[in-house]
Amino acid sequence: MASLTTQTLIITIFFLAIPRSFSSPPSLEDVFAQCLADFKPSNPKSPIQNFIYTQQSPNFLTILNNYVRNLRYFNNTTRKPVAIVAAADVTHIQATITCAKNLGLQLRIRSGGHDYDDPNLDTAWVQSGATLGEIYYGVANKSNDLRGFPAGICPGLGAGGHFSGGGYGNMMRKYGLSIDNIIDAKIVDAKGRVLDRSSMGEDLFWALRGGGAASFCVVLAWKIKLVPVPAKVTVFNVETVGNRGSVNTTELVTKWQEVADKIDNDLFIRLTLGSSNKTVKASFMGMYLGNSSKLLEIMNAKFPELGLNKTECIEMKWIESVLFWLGIPPGTAPTTTMLNRIPQKQIYLKRKSDYVQKPISRTGLESIFKVLTENENVTMAFNPYGGRMSEIPSTETAFPHRAGNMFKIQYAANWFVPGEAVAKDCLSQTERVFEAMSPYVSKNPREAFLNYRDVDIGKSLNSTYEEGKVYGVKYFKDNFEKLVKIKSRVDPDNFFRYEQSIPVLSSH
């Protein structure tokens, strides 16, 4: 496949402890830069010095700001990295890992964007820095719109983190998650070695798929299995305030719960609930892998209460549906829009997650609606499971949330103005809605989705076993213990760590 415009895997370096051989932190940047310079790149035209940005670099804040996706953490009080390495070569990553270990520094890995190659219509190597939009666009173009990939609906997401956390999208009922369609990976481990599936071993490859790769290594690239898509898909977005014809919102949501995870596997219908002016709003947004006539047959038979009609069904190419799910009206923007890396608007946000395993009663729904009308900054997105998601065993990958779950909930609060008062209000609203949902969601543990990172459910600065288990069982359930064993073997010094990383057994 022809190369896309390349950008880089971003590695930010945080100073954790003053190495004993140096007297003061300021000299650390120079020592770190010199250590990196001692490594020879595989491409002599890409010396690592050209890709290091320290706090003294004129472009430091620009580079940092370009990859901020939550303004809550872009302020004067949030700790800034000592340096940013915009890795353009595998030796840049190897050097960064080695020097950081030697100097007592900590890494944070961000997908920045890379090109990828596709030797045929069935598989593709995707570098970790590629965004989903770049992947979708490239795959569609090179396959004449015959192939797609079942990952997220946000084209600005970086593939590296999205895949490794068990990223999902609107084809998961047909094809499963992104990680269910990954067949190989290339990584750099804590020893600076470049490994693939055969050399890293099946247990580490298992952990990378859903266990969060940042606990184990730096992923260079993923080999993905592409999936067939029809010449036309059909999308719709039915929004209701109060009633839909003669059917009220309670009845619509009740029926959605009955059918969404059991309906045709080619059909995905996301339900979003929110409120405005003390009135509940519901959105039923769907994609069917086929034409509108067949979709209407299915809907009239299984979900007639929604009253979906022909004029609300829009047929388009699968690649065009990516923009539809982004909220862009059909025909108003070219598909190249999904290649944009910098968001049109930066926001402050909070996300939380839940899993629901039993239908919520009408009384329960009405109670939830009341809470939403009292907390209007919060929306809830219900993503249906079933289909392929119920067929793959929970032990197949590190991602455990499979059969038994009807749908996953995302709680979302967005705000656009700075200030502690506004932030506190929005965070409080999110917490109130989350707490009100406790009777209706999974228990012991109350499960959570790794990619909706939520430090409220537990965090550990030292990644001890006891602290890690608090959030670990919520993210990984019974797979947590296996992840700990793998982590302890491949990274016993716990070099790859962050606030919710997999702990090592030596801390137990």
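The largest nonpolar core has 74 residues, and those touching the most other members are Ile 135, Tyr 136, Phe 163, Leu 208, Phe 216 and Ile 224. A nonpolar core here is a set of buried Ala, Val, Leu, Ile, Met, Phe, Trp, Tyr and Cys residues joined through side-chain atoms within 4.5 Å. Buried means under 20% relative accessible area, exposed over 50%, and partly exposed in between, with a 1.4 Å probe and protein chains only. Another core, of 43 residues, lies apart from it and includes Trp 256, Leu 296, Leu 365 and Val 378.

This is a predicted model, in which local features need pLDDT of at least 70 and side-chain atom pairs count only at pLDDT 80 or more, while totals for chains, interfaces and linings use all residues. Residues are numbered from 1 along each chain as its sequence is written, and side-chain values use heavy atoms, with hydrogens and water left out.

Ile 224 is in contact (heavy atoms within 4.5 Å) with Asp 122, Thr 123, Ala 124, Val 126, Ile 135, Phe 149, Phe 163, Asn 181 and Ile 182, leaving aside residues up to four places away in sequence. Helices (H or I, at least four residues) and strands (E, at least two) are DSSP runs, numbered from the N terminus. Among the buried ones are Leu 132, Glu 134, Ile 135 and Tyr 136. Asn 144, which follows H4, has a positive phi, near 55°.

Now the aromatic rings. Rings of Phe, Tyr and Trp (its six-membered ring) pair if their centres lie within 6.5 Å; planes under 30 degrees apart count as stacked, over 60 as edge-to-face and the rest as tilted. By this rule there are 18 aromatic pairs. Phe 163 and Trp 222 are edge-to-face because their ring centres are 6.1 Å apart and their planes stand at 65°. Phe 163 lies in helix H5 and Trp 222 in strand E10, so the pair ties together parts that are 59 residues apart in sequence. Phe 163 is buried, at 0% relative accessible area, and Trp 222 is buried at 0% as well.

Tyr 355 and Tyr 385 also form an edge-to-face pair, with centres 6.0 Å apart and planes at 80°. Tyr 355 and Tyr 385 are both buried.

A further aromatic cluster consists of Tyr 168, Phe 399, Phe 449 and Tyr 452. Lys 408 lies over the face of Tyr 452, 5.9 Å from the ring centre; a charge counts as over a ring if NZ of Lys or CZ of Arg is within 6 Å of the ring centre and within 35 degrees of the ring normal.
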